[in-house]
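Please keep the structure open beside them and look up each place as it comes.

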Amino acid sequence: MSYPGWEVVIGLEVHVQLKTQSKIFSGAATTYGAEANRQACAIDLGFPGVLPVLNQQAVEMAVKFGLAVDAQIAERCVFARKHYFYPDLPKGYQISQYELPIVAHGHLDISTDGGETSKRIRILRAHLEEDAGKSVHEGFEAASGIDLNRAGTPLIEVVSEPDLRSAGEAVAYLKKLHSLVRYLEICDGNMQEGSFRCDANVSVRPVGQEELGTRTETKNLYSFRFVEKAIEFEIERQIDVLESGGSVDQETRLFDPDKGETRTMRSKEEAMDYRYFPDPDLLPVVCDGAFVSSIRDVLPELPEARRTRFMASFGLPAYDADALVAERDLAAYFEALVAALGEDNAKLAANWCLGELTASLNEHNLDVAASAVTPDALAGLLKRVLDNTVSGKIAKDVFAAMWAGEDDADSVIEARGLKQITDSGAIETLVDQVIADSPAQVEQYRSGKDKVFGYFVGQVMKLSKGKANPGEVNRLLKSKL
Amino acid sequence: MTNALHTLSVSELAQGLRDKSYSAVELAEHFLARIKAHDGHINALITCTENEALDDARRADAALAAGTAGALTGIPLVHKDIFLTEGVRTTCASRMLDNFVAPFDATVVAKLKQAGVVSLGKANMDEFAMGSSNETSYYGASRNPWDAERIAGGSSGGSAAAVAAGFAPLATGTDTGGSVRQPAALTGLTGLKPTYGRCSRWGIVAFASSLDQAGGFARSAEDLALMLGAMAGFDPKDSTSAQQDVPDYLAELAQPLAGIKIGRPREFFAAGLDAATGAAVDAAIEQYRQLGAEIVDISLPNVGLSVPTYYVVAPAEASSNLARFDGVRYGHRADSPADLKDLYSRSRGEGFGREVQRRIMIGAYVLSHGYYDAYYLQAQKVRQLIAADFERAFADVDLIIGPTTPTPAYKLGEKNNDPVTMYLDDIYTVSANLAGLPALSAPCGMVEGLPVGMQLIGPQFAEGRLLAATHAYQQATDWHLQRAEVAQ
């Protein structure tokens, strides 16, 4: 979407739930979906007399993230209390970080123009904090329920600089971030369950204007589509307001997914004074060089590096490399496939990973790890494509059979008689028959209508039930016509 | 069995239990009977847990019979009602928690239970420990056993009144700005606030987290040494508790006084100190000199800023710590709230008393946008200066001595209308909290029939030295043996 005369400025705040075993300041479990308030201990419930104790695993995960976005890890960071009253916030304050976050000044590069160019998005900071509980409004009469299972779940809030210039860039950044935190195994990335959610700061300004326009913050965007829709709605709304001579109010807005629009939640006048101050119950967190190095040593290969390697070692186009590395398990699947097929066949492997495999996974709503066809099994099939036992088209049928639970590729090909006809004599008979049956088309072709050639190929393949070797069919048709 | 069990020291009581002169149940019954007889007047306890106490006592008797008893097995005690006690109402002397039954024991409570003490009940206090006279209690003020028209001090006034009235030989307290030492001084007891981090804060309803510390009341340094040994120690549930071994405080009582250097800060003897109280403290200093200590004049130049600093830091933290009392999950909840805001404002408006509300307002103000730097941040800087004063002083001296309070106990109601005057009562005590140092008050004289106390302040983790110096003084004097008539 483009808005002539206007420049869009977007910054994102992303809440990434860390997949620690227990909560950030208590020993309660963090598993999603338990019966309400069964995963909330006295600490999570904000009882009198309780004290927080920091979960070291959460610190390690935050540092891991910081290193992955090439950020500074604070040698000493401090937890602060952020105060507001809400029933799902048991203590009346959220333990967060304010002046001294654990991670600052990193960046994430996003691909634009279908992967041909990249753009650097600066990350201002990422701080550790605890999640709040949830208010439940359904199923209660004249009241609301409070579920504090989520209270105390560790989060990092990743705050970007206002470097994004369109809803598309915002989504690209968000997807990149989503991929990264899953690579790092610090977040399960489940957006529906709220493990990865986003607030968007959006403003517009006339092209050429230095000063930033007044921004709004839209809260609680928990799907890529919502982010895109909310931002686009907000851009259009702000431009409309400004073009009709009005001014944008600095405010917090809420996205309504049903209506696809944003609406005012809190005006600037109602903005909260959070009365931050350092939490006296927690000591400053010290991340010394040795600790940071120990985490750097166990960092996995990051998507960016993997993408570069896939392009350099396997000669993959940027688009394929981007798509393959987006998910760590998919990239691993691809690598296993390449290992079995040889690097020369990397493009074939990529096509299958991004084609049939991804399509089947999507259709059955499965993760790569749960694929019904293993990389070895797929390699077995693709070897039969490479040695001309089956055509690519037939291979898709074999794949479907394998997905449905049949044996390895060879057995399927054997059992169903799908072996490609490579015998020139047999194919020649079919070719002769098609030519004999199609005098009109032969006439057209010979008078220069090259396009008719496809018709002959189609007829021969049809006669062979798809099993004729396409190369041989082409060669024989050309010579006979 | 003697009728005067309440006049015996903890060691004597423990000896009597071991000798089978009386059982732990009999001992508990003796003190429970005294509570029944006199607490209607003194108002030291909010809750008397007679049944639980007798259960504890029976367990203690079993341990005594089995030969597994320790030095505190069967010794009765009361807990300030700020300590969570599992299954027992824990009110913090507030209407807000009038109906609150604690789901677990505070670490200090658990440790003392482990040591075999018998808890008789929960002691009165200023509401949420905010006050110096016990008059902010929702349950009415504790009275001073020496003169029932006068305050027992605060905030741990009920604990002090209980020990001074002979309801228990020991009591726990908490000290955020003097809440153990001041009532100890006003009721003629020995009261200790340990180093910040020495005792776990887990299970203590937080007032000001960076200042709060559990402490105790006893009749002597010796009794306190026994109690502190059982209370102290690192607790993984409190990130601010110190990973420091707990010494044998009883053994440390033998540390000699000779050669010890005691500093006398001139700022503690300036205008505002009642002449007779000052004279009693100077007499104690003279006693120390005679016992072989060297007395040196010192200066703590920034200590005069302690009260204003404290009354920024403490309310700031309190306003935050008390935000959880919102009527949603536990505690007082307003009847039929119109909406969420009404639920909050009426639950809190009804549940909190005036002094608590005042401090929440002060705290919210000093933390608010635009004022934070001028108040909270500035106070933290001054706090550093005060701590640095002590650090400099302790480079030269081993202990610091001065008065605990400017005057003996005043009359109930006397300062009710003037919070600032009441805040100034904390002038000698708050600096130790701001600097995180251990400090102790011990009786050192009588002024017009009322006890007055001296305060000893030590460097971090010098509790053993404080107790030893007090013990040496108590071996040479008998102020700590004086008893109010009700406790005779």
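1. Leaving aside neighbours within four places in sequence, Ala395(A) is in contact with Leu381(A), Arg384(A), Val385(A) and Val390(A). Please bear in mind from the start that this is a predicted model, and that this note describes what was computed from it. Ala395(A) has its place in helix H10 of chain A, which covers residues 392-403. Is Ala395(A) buried or exposed? With 22 other C-beta atoms within 10 Å, Ala395(A) is buried, because a residue counts as buried when 20 or more such atoms lie within that distance. Although Leu378(A) and Ala395(A) are 17 residues apart along the chain, their C-alpha atoms are separated by 10.0 Å.

2. Still in chain A, helix H5 (residues 303-314) and helix H6 (residues 318-325) have axes that come within 9 Å and cross at roughly 140 degrees. H5(A) and H6(A) are therefore oblique to each other, since only angles over 145 degrees would count as roughly antiparallel, and their crossing is right-handed. On the H5(A) side the residues that meet the partner helix are Pro303(A), Arg306(A), Arg307(A), Phe310(A) and Met311(A), while H6(A) brings Ala318(A), Ala321(A), Asp322(A), Leu324(A) and Val325(A). Sorted by class, this contact of H5(A) with H6(A) has seven nonpolar and three charged residues, and no polar ones.

3. Glu251(A), Arg253(A) and Phe255(A) make up the covered face of S13(A), whereas Thr252(A), Leu254(A) and Asp256(A) make up the uncovered one. Strand S12 of chain A (residues 216-221) runs parallel to S13(A) and is joined to it by four bridges; in one of the pairings, Lys219(A) has Leu254(A) as its bridge partner.

4. Turning to chain B, the reader may ask in what order the strands of its open sheet lie. Eleven strands form this sheet, in the order S1-S3-S2-S6-S8-S7-S12-S13-S11-S9-S10, and the pairing is mixed. The edge strands, each of which pairs on one side only, are S1 (45-48) and S10 (294-298) of chain B, and the twist averages 30 degrees from one strand to the next. Helix H5 of chain B (residues 157-164) lies across S1, S2, S3, S6 and S8 of chain B, and runs at about 165 degrees to S6(B).

5. S9(B), residues 261-265, runs parallel to S10(B) and is joined to it by five bridges, with Pro265(B) and Ile298(B) as bridge partners. S9(B) also pairs with S11(B), again in the parallel sense, over two bridges, and here Gly263(B) has Ile400(B) as its partner. S11(B) and S13(B), the latter spanning residues 450-457, pair in the antiparallel sense over four bridges, and Ile401(B) stands opposite Leu456(B). Why can S11(B) be called largely enclosed by the rest of the structure? Five of the five residues of this strand, 399-403, are buried, so S11(B) is largely enclosed.

6. Two helix pairs in chain B can be read side by side. Helix H7 (residues 221-231) and helix H16 (residues 463-476) of chain B pack at an angle of about 155 degrees with their axes 8 Å apart, which makes H7(B) roughly antiparallel to H16(B). Their contact has five nonpolar, three polar and two charged residues. For helix H2 (residues 24-42) and helix H3 (residues 50-66) of chain B, the axes come within 7 Å and cross at roughly 150 degrees, and H2(B) is likewise roughly antiparallel to H3(B). The contact of H2(B) with H3(B) has ten nonpolar, no polar and three charged residues.

7. Finally, consider where the chains meet: the contact takes 31 residues from chain B and 25 residues from chain A. On the side of chain B that touches chain A, helices H10 (306-321), H11 (340-351) and H12 (354-367) of chain B each supply at least two residues, and H10(B) gives the most, with three. The residues on this side of chain B divide into 16 nonpolar, eight polar and seven charged.

How values were computed. Residues numbered from 1 in each chain as written. Chains lettered and ligands numbered in written order. Predicted model: local features only at pLDDT ≥ 70, side-chain atom pairs only at ≥ 80, totals over all residues. Axes fitted to C-alpha atoms, helices over the stretch in contact; angles between N-to-C directions. Parallel < 35°, antiparallel > 145°, perpendicular 65-115°, else oblique. Left-handed = near helix turned anticlockwise from the far one by under 90°. Contact = placed C-beta atoms within 7 Å. Nonpolar A, V, L, I, M, F, W, Y, C, P; charged D, E, K, R; others polar. Pairing = 2+ DSSP bridges. Buried ≥ 20, exposed ≤ 12 C-beta atoms within 10 Å, placed from the backbone.
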